[in-house]
Amino acid sequence: MKAAIVGASGAVGQEFLKVLEERNFPADELLLFGSERSAGRKYTFKGKEIEVKLLQHNDDFKGVDYAFVSAGAGTSREFAETITKHGAVMIDNSSAFRMDPDVPLVVPECNAEDALVRPRGIIANPNCTTIMMVVVLKPIEKLSHITRIHVASYQSASGAGAQAMAELQQQYKEIVEGKPVTVNKFAYQLAYNVIPQIDVFQDNGYTKEEMKMFNETKKILHSDVKTSAMCVRISSLRSHSEAVWIETEKPLTVEEVQAAIAAAPGVTLQDDPATLTYPMPLYTGGKDDVYVGRVRKDLANENGITLWLSGDQIKKGAALNAVQIAEYLISQK
């Protein structure tokens, strides 16, 4: 089996390398691709040094079974045909194809079987905040149909990439040293701040990130559920968190929701107010699961449950989810 990573030098590309090695992904050969800036760099995978090749319109993907792509929507659109023309399954981490009716949008814990029907040879990885939320919603949906979701996300610098993480660290250093603060990756200084904007604003006043959660949740869950999101950038380095209010068709008890979450794949219940036990990004970074706590009845809605979740945006929110899709496809052969 031959696999490839496109965008190998980015934060998600580097996470792909770690996840593939951690999970002992059954690739006999791994190819790495990148832009002119990263071509020629070398990375180690399973003790072997691999050089990043320049991504070009040629036959480099001949013989590749799975291509993990995280190089931005523009690159994904431009190179999709080149990547898939010899039969490679392109698992794309960008927003380019997520709402394409011929491209399945997959979170393995929720709708793995959708990956089996892929007319274009492409499977889309959802937005990171959507992935983490639907993994938690799925076991609740089995108890009672979810009709409405309100969610506020608290998204770390990692969501904007490796350079954004470096900039946040640099900002704190500059503040301590009394130097002018560098601001390039965000609209405003992120250190000691929260920014109520992720991605660009749409005509309806919501940002593109917030509309991704509205649209992608429906597609993944095959549901008419409506999601209203407020996405906020916070000054944590890695791992996103979300406060979620869920309305179901019938009222659910806290205990049955907790039990369903605790038994669900990809989720860890961490919920004990008496001992101040709840998930935080400081501790969920580097973990595979999405962690859930603060499960309680919604005081404003008799059919409502509210909860808090936190998970690693680069891992489950990106690289791990894509690798799990490939693992599922391998298991079906």
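Axes here are lines fitted to C-alpha atoms, for helices over the stretch in contact, and angles run from 0 to 180 degrees between N-to-C directions. Helices (H or I, at least four residues) and strands (E, at least two) are DSSP runs, numbered from the N terminus.

The model is predicted, so local features need pLDDT of at least 70 and side-chain atom pairs count only at pLDDT 80 or more, while totals for chains, interfaces and linings use all residues. Residues are numbered from 1 along each chain as its sequence is written, and side-chain values use heavy atoms, with hydrogens and water left out.

**Helix packing**

Two packed helices are described by the angle between their axes and the distance between the axes. The axes of α4 (residues 128-143) and α7 (residues 254-263) cross at roughly 130° and come within 9 Å. The two helices are therefore oblique to each other; angles under 35 degrees count as roughly parallel, over 145 as roughly antiparallel, 65 to 115 as roughly perpendicular and the rest as oblique. On the α4 side, Val-136, Pro-139, Ile-140 and Leu-143 meet Glu-256, Val-257, Ala-260 and Ile-261 of α7. This contact of α4 with α7 has 7 nonpolar residues, no polar and 1 charged. Contact means heavy atoms within 4.5 Å; Ala, Val, Leu, Ile, Met, Phe, Trp, Tyr, Cys and Pro count as nonpolar, Asp, Glu, Lys and Arg as charged, and the others, Gly among them, as polar.

For α1 (residues 11-22) and α9 (residues 315-331), the axes come within 9 Å and cross at roughly 50°. That makes α1 oblique to α9. Residues of α1 in this contact include Val-12, Phe-16 and Leu-20, and those of α9 include Lys-315, Ala-319 and Val-323. By class, the contact of α1 with α9 has 9 nonpolar, no polar and 3 charged residues.

**Cysteines**

The count of disulfides, defined as pairs of cysteine sulfur atoms within 2.5 Å, comes to 0. Cys-128 is in no disulfide, and the nearest cysteine sulfur, that of Cys-231, is 8.7 Å away.

**Positive phi and accessibility**

His-222, not a glycine, has a positive phi of about 50° and lies in the loop between α6 (208-221) and β9 (226-233). Leu-276, also not a glycine, has a positive phi of about 55° and lies in the loop between β11 (267-269) and α8 (281-284).

Buried means under 20% relative accessible area, exposed over 50%, partly exposed in between (1.4 Å probe, protein chains only).

| Residue | Relative accessible area | Class |
|---|---|---|
| Cys-128 | 10% | buried |
| Cys-231 | 0% | buried |
| His-222 | 58% | exposed |
| Leu-276 | 62% | exposed |
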